[in-house]
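Colleague: I would like to go through this model with you. Could we begin with the charged pairs and then turn to the helices?

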Amino acid sequence: MSNPRPLDEEAYDMSGARVALTLCVTKAREGSEADLVALERMFQQLGFESTIKRDPTAQQFQEELEKFQQAIDARKDFVSCAFVVLMAHGLEGQLEGEDEQMVELENLFEVLNNKNCPALRAKPKVYIVQACRGEQKDPGETVGGGNIEMITKDSPQTIPTYTDALHIYSTVEGYLSYRHEQEGSCFIQTLVDVFTERKGPILELLSEVTRRMAEAEVVHEGEARKMNPEVQSTLRKQLYLQ
């Protein structure tokens, strides 16, 4: 049996500009200012041009992302990567604006896809979502067909509409997300610590974020709760931030 060929370690070109947009509802979300401070420190250390917008309405979530996309496409320089941080109350697939109206996450994610944002075509787009995705609480557990052909063509070079995206949710589908009134959210604080202290491809860093969060416990309404992030990736290459 022949030895398997190692994977090519191709990485995204991060030599160009790095841009970040944070949209954060602070109203009735104690601790969110601590998260904004941490994120700003992270983006500064990682060389991002960072913009923060506080208390967007549902419509402004959409409008601010579209402005962000238009500004990226209008740039004359090379843009390597975009981060979008979305922080609000939420349900599965939706965020609540400052006006208590809901916006669909899918509509927000579409703004920067390969079809709608040419400047970020084939470039990494990272979405960080700090929001509840349902009402369930996790108390934790004690640890004890068919023929499908793939056709690849040499030319012309095309890519699917939704590649090169990384979605990082603070909690898994259907569950609550937790925040401390002074110290901010366990998710954002842990993510910032790992991204600023460690080097390596981003998916490895996110495994470390998940490991740290899995070991931690959040006390909610007097009871210990567990929380772990969920990562969805269509990245085609390794993404190194440092």
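Colleague: Is E49 buried, partly exposed or exposed?

Modeller: E49 counts as partly exposed, at 42% relative accessibility. Here buried means under 20% relative accessible area, exposed means over 50%, and partly exposed lies in between, with a 1.4 Å probe and protein chains only. Please note that this is a predicted model, in which local features need pLDDT of at least 70 and side-chain atom pairs count only at pLDDT 80 or more, while totals for chains, interfaces and linings use all residues. Residues are numbered from 1 along each chain as its sequence is written, and side-chain values use heavy atoms, with hydrogens and water left out.

Colleague: Which side chain meets E49 in a salt bridge?

Modeller: That of R75, with an N to O distance of 2.9 Å. R75 lies in the loop between helix 2 (58-74) and strand 3 (79-87), and E49 in strand 2 (residues 49-54), so the pair ties together parts that are 26 residues apart in sequence. Helices (H or I, at least four residues) and strands (E, at least two) are DSSP runs numbered from the N terminus. A salt bridge requires a side-chain nitrogen of Lys or Arg within 4 Å of a carboxyl oxygen of Asp or Glu.

Colleague: Which other residue forms a salt bridge with R75?

Modeller: D77 does, the closest N and O atoms being 2.8 Å apart. D77 is partly exposed at 40% relative accessible area, and R75 is partly exposed at 24%.

Colleague: How many salt bridges does the rule give, and which residues are joined into one network?

Modeller: The count comes to 12 salt bridges. Salt bridges with shared partners join E197, R198, E208, R211, R212 and E215 into one network.

Colleague: And where do K67 and E64 lie?

Modeller: Both are in helix 2, 3 residues apart, about one turn of the helix. K67 forms a salt bridge with E64, their closest N and O atoms being 3.5 Å apart. K67 is partly exposed at 47% relative accessibility, whereas E64 is buried at 15%.

Colleague: Now the packing. At what angle do the axes of helix 4 and helix 5 cross?

Modeller: The axes of helix 4 (residues 186-197) and helix 5 (residues 202-215) cross at roughly 135 degrees and come within 9 Å. That makes helix 4 oblique to helix 5. Axes are lines fitted to C-alpha atoms, for helices over the stretch in contact, and angles run from 0 to 180 degrees between N-to-C directions. Angles under 35 degrees count as roughly parallel, over 145 as roughly antiparallel, 65 to 115 as roughly perpendicular and the rest as oblique.

Colleague: Which residues make that contact?

Modeller: Among them are F187, L191 and V194 of helix 4 and L205, V209 and M213 of helix 5.

Colleague: How do helix 1 and helix 4 pack?

Modeller: Helix 1 (residues 32-45) packs against helix 4 at about 15 degrees, with the axes 9 Å apart. That makes helix 1 roughly parallel to helix 4. The residues that meet include A38, L39 and M42 in helix 1 and V192 and F195 in helix 4.

Conventions
Contact means heavy atoms within 4.5 Å.
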